[in-house]
Amino acid sequence: MTPNTSPPSLVIDSHAHVFLQNMPLAATRRHAPEFDATLEAYLALLDRHAVTHGVLVQPSFLGTDNRFMLDAMRRHPQRLRSVVMLDPTTDETQLAALNAQGVVGVRLNLVGLPLPDLNHAEWQTFLCRLKALDWHLELHRGAADLMPLLDAALHTGCRIVVDHFGRPDTQLAQHDPGFAQLLRRAASGRIWVKLSAAYRNAQSAQRPAAERTPALRESDAQAARACAQQLLAAFGPERLVWGSDWPHTQHQDLIDYGSSLALLADWVPDAQQRSLILGKTAAELFKIS
């Protein structure tokens, strides 16, 4: 093993959610959960698949009420980190308190929502506060709309994490012009991409759940593979991380935890590169030791 790779024992899931279906929900949301995703169930999956650490990400339907996730992290401070959703008016004192609890970033889940102007002074101040803490900004939006968000955030120098392959268009996949622009911005050295939830970008997953087959089409698998290869060529394993996207909300009929982890070998065939993605890269980004 070279000095640039992590011990094989370090395996980090960079994207999962915990929640209960009876929790208070955000007024603006795309869907509501129909089942519980408990911390105990998640930790059992980590144990079963020899995953050493997890990063909990605030689900969009809970909005900025991060209490349930923060309580989960408080119970397992060595094994878990979290990415919260916050209002940009959150001040330094509040951010410092979250930092002490193990929060490592802020998520903007913008799917189906108007784009915020991250060049606005309020947002620029907020992003500078994230940079001061060495947190990252996590962006979830279709590739076609990512560029103004990326460029405004890059202006502040903060780290940026792009969700779910950059969400290329389901019809265009690796040929999406927005995806191509994301690849070009790899040169900034400040962007990381999650190899996660390829099913959210798949053509066959856009049908209602009742009309789906239990697995994605081979063409969707090929598209995910092609996107992963281009991301690997542009960003390298030093700025790619893997996430299970457990419990795969709205797509749990298509995937399970073990299958999600196994897909990484299809996307990144080289074992040393996978070790780096699962280990050292994720550990440094999410402050796991």
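Student: Hi! Before we start, what does "partly exposed" mean here?
Tutor: Partly exposed is the class between buried, under 20% relative accessible area, and exposed, over 50%. Keep in mind that this model is predicted.

Student: Okay, so which class does Phe-35 fall into?
Tutor: Phe-35 has a relative accessible area of 23%, so it counts as partly exposed.

Student: And Phe-19, buried or exposed?
Tutor: Phe-19 is buried, because its relative accessibility is 0%.

Student: Switching to rings: how many aromatic pairs are there?
Tutor: Searching the whole structure turns up 6 aromatic pairs. One of them joins Phe-19 and Phe-35, with 5.8 Å centre to centre and 50 degrees between the planes, and that pair is tilted.

Student: Where do those two sit in the chain?
Tutor: Both Phe-19 and Phe-35 lie in the loop between strand 1 (12–16) and helix 1 (39–48), 16 residues apart.

Student: Nice. What about Phe-165 and Trp-267?
Tutor: Phe-165 and Trp-267 make an edge-to-face pair, with 4.9 Å centre to centre and 90 degrees between the planes. This pair links distant parts of the chain, 102 residues apart. Phe-165 is in the loop between strand 6 (159–162) and helix 6 (177–184), while Trp-267 is in helix 8 (residues 257–267).

Student: Are Phe-165 and Trp-267 buried or exposed?
Tutor: Phe-165 is buried, because its relative accessible area is 1%. Trp-267 is buried too, with a relative accessible area of 3%.

Definitions and conventions. Residues numbered from 1 in each chain as written. Predicted model: local features only at pLDDT ≥ 70, side-chain atom pairs only at ≥ 80, totals over all residues. Heavy atoms only, no water. Phe/Tyr/Trp six-rings, centres within 6.5 Å; stacked < 30°, edge-to-face > 60°. Helix = DSSP H or I, 4+ residues; strand = E, 2+ residues; numbered from the N terminus. Buried < 20%, exposed > 50% of the residue type's maximum accessible area, 1.4 Å probe, protein only.
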